[in-house]
There are 2 protein chains.
Amino acid sequence: MESLRSGYLFPEISKRELEHTRKHPHAKLIRLGVGDTTQPIPDIITSAMAKQVYALSTVQGYRGYGAEQGNLELRMAIAERFYKGMGVKGDEVFVSDGAQCDISRLQMLLGSNVTVAVQDPSFPAYVDSSVIVGQSGKLNEETGKYSKIVYMNCEPENNFFPDLSRTPRTDIIFFCSPNNPTGSAASRQQLKQLVDFAKANGSIIIYDSAYSAYISDNSPRSIFEIPGANEVAIEVSSFSKFAGFTGVRLGWTVVPEELRYSNGHPVMKDFDRIVCTCFNGASNIAQAGGLACLSPDGFQAVSCVVNHYKENAKILAETFDSIGLKVYGGKNSPYVWVHFPGSSSLNVFNEILERTHIVTIPGKGFGPAGEEYIRLSAFGHRECILEAASRLQNFYK
Amino acid sequence: MESLRSGYLFPEISKRELEHTRKHPHAKLIRLGVGDTTQPIPDIITSAMAKQVYALSTVQGYRGYGAEQGNLELRMAIAERFYKGMGVKGDEVFVSDGAQCDISRLQMLLGSNVTVAVQDPSFPAYVDSSVIVGQSGKLNEETGKYSKIVYMNCEPENNFFPDLSRTPRTDIIFFCSPNNPTGSAASRQQLKQLVDFAKANGSIIIYDSAYSAYISDNSPRSIFEIPGANEVAIEVSSFSKFAGFTGVRLGWTVVPEELRYSNGHPVMKDFDRIVCTCFNGASNIAQAGGLACLSPDGFQAVSCVVNHYKENAKILAETFDSIGLKVYGGKNSPYVWVHFPGSSSLNVFNEILERTHIVTIPGKGFGPAGEEYIRLSAFGHRECILEAASRLQNFYK
């Protein structure tokens, strides 16, 4: 824990945001920092949750503990909706209260004696949870890297996909696609390389597909689209950004039966044991909502909300493009990743906050390779996004 | 994980239950094994949850991520309702998705390099999570004990409170009161001893008060009723058995500001970091329900349900008493703990299942000291409890 206490950027960002609000109490702050959903959940889904809630007040409808792994109907619906034709079975799907929570349960499963690789930049929970369970080694304050973690550089030069021929072998590879923060989705060819690499090295890929609903091109939406991935990969995913369930809390993890330790023992059995010991199942109300999201009408309704955020992302990306800055992401992701060559990301963050009253995230918060970038979230009401675009245009013109 | 794979009783119990159902397809099985709530949640609470659900479909009412630590209003209400006059502040209350989940998050915080003591018998999650994080050492198949865990014997001879003068020092002491499975609540005098013991040894008590709503006498309902406990104790608790939220998922943990590591660093700060990294807050719907439970009318309504289960426990305890067996618990707890001197708990479990079609739990599942006992849960509809009582009377007459 001590190792984690230093060098944490996010409280620093909150502090600066707070100071800014005090200094400019009348400015209308636009928050495009944390990727937090803003649009109402479609009625068809909240109606299903309300029905479940009211049932809990009846003798016939009351339910206590559900299965720790989730309701079988929901597990089957997830397998059918997201993994059709990929051979994923309902009992390989473990319903959770969110991807971040399952990442830490996976870390409990793995323990301290494994080596870990992460994309650089990436969602901080992979590294932070590695530090907590004792996998990381010490932080080098100068490089911003932990000694035992392998950082796989993802930059425009390599098309945001690591050079695997120069990546050392690790037991675990965390891989997020579409990536948070860069917004880049790995292609089929790239994921095939990744699966081959893991297979050759006896590594396990922990694949985070929390943003797969944002993919617009033909990039795979799941690692299990790649043949053979079920022998080397676990997939963590979420209803948060797909259905606006950030506050409702629902996600899932797929652990394929074919994934084995080197001694032949199925990883799935141990994960099942972790889930039963460290978790008691997702809220049955959230699960009822999840099931409604996967019905044909529910799925269409949440897809409309996703399209709203995608349009927002396009507006933000076009804004920076028109300013003449290099902008990545946005197309397959609700995040845009803007390059400020030669600048410190914290300075850019400060400047944008100070001059436009827009909160972003300095890229450094996602790893050393994010130093010259800032991330903007496209989650927001349309008028806020348009107002943000206009302020940025004015500031940079 | 390998250490955990062997010696797990609960799957064995499920297997036997399933076999029994196959063998006797027409018998009406009564499940008094797992402590799972059965009574509907009062309308006042589900109405509040439904209101929150519907608000999520409106622009004004939609909320995304809440604070990882929980809504401040709920944190304050918990402090006010359960810790009035004990000096617990709202920001020392961390809202969770249940006690079991927070126990494993506490284990992540503690890591593998701590020594641990548990009551024997006790709720298996303490030992199992210790095994998972690597604190336990190896299992001795003969004694049923892990080499590095200190088992604090709790039997009728010591009034279910460990002889602390003979208990070795450990970094952590898990202590559940009212205890699951024995149903015994520690007295004020006993808890004072425990706090003094922890203080003298520089230990941290992780106090599980998940069943405190069932206390009928003047036993403390919280460890923080003991002066000075805020320097040595963390309290884990839950809405599951207090409000029938086993499927809704809501709990809390109190980490007092005054609790420090030997180097002076507040434990609370590290737990906050764990919660922010490994958890994303409890469902906002469940939290709205929790808040409703703590209103005067809500509290009265859930107390009626608790009284229903307490009356069930009394019926079960009286049944065994009239049979002439020694029965413990029931008074301050929804569990009764029945002694079968000289018998194996698995044999008693099998016999009761075979002859009365009632599922119980063999005491051995809670630790070696449970070997001559079985636990019965008083959660059930009244007619099931009465039917169970009648079958047991007939069988043992």
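Guide: Let's start with one pair of side chains: Arg273(A) and Asp128(B) meet in a salt bridge, with 3.0 Å from N to O. Please keep in mind that this is a predicted model. Between chain B and chain A the count of salt bridges is two, and the count of residue pairs in polar contact is 28, with both residues at pLDDT 80 or more. On chain B, the elements that give two or more residues to the side touching chain A are helix H1 (2-5), helix H3 (43-55), helix H5 (99-110), helix H6 (125-133), helix H9 (267-278) and helix H10 (284-293). Sorted by class, that side of chain B has 29 nonpolar, 23 polar and ten charged residues.

Now step back to the whole contact. Chain B brings 62 residues to the contact, and chain A brings 60 residues. Together the two chains bury about 5,200 Å² between them, and carbon and sulfur atoms give 57% of that area. Three residues deserve a look here: Tyr62(B), Tyr65(B) and Arg273(B) supply 15% of the area that chain B buries against chain A, more than any other three residues.

Finally, a word on chain A itself. An unreviewed UniProt entry places the feature "domain: Aminotransferase class I/classII large" at residues 28-391 of chain A. In the model, this span is 37% helix and 16% strand, and its end C-alpha atoms lie 11 Å apart.

Notes:
Residues are numbered from 1 along each chain as its sequence is written. Chains are lettered from A and ligands numbered from 1 in the order in which they are written. This is a predicted model: local features need pLDDT of at least 70, side-chain atom pairs count only at pLDDT 80 or more; totals for chains, interfaces and linings use all residues. Side-chain values use heavy atoms; hydrogens and water are left out. UniProt positions are given in the numbering used here, feature names are shortened, and annotations may be inferred rather than shown by experiment. Helices (H or I, at least four residues) and strands (E, at least two) are DSSP runs, numbered from the N terminus. Contact means heavy atoms within 4.5 Å. Buried area is the accessible area (1.4 Å probe) that two parts lose on being put together, summed over both. A salt bridge is a side-chain nitrogen of Lys or Arg within 4 Å of a carboxyl oxygen of Asp or Glu. A polar contact is a pair of N or O atoms within 3.5 Å; within protein, one must be able to donate a hydrogen and the other to accept it, and residues adjacent in sequence count only if both atoms are side-chain atoms. Ala, Val, Leu, Ile, Met, Phe, Trp, Tyr, Cys and Pro count as nonpolar, Asp, Glu, Lys and Arg as charged, and the others, Gly among them, as polar.
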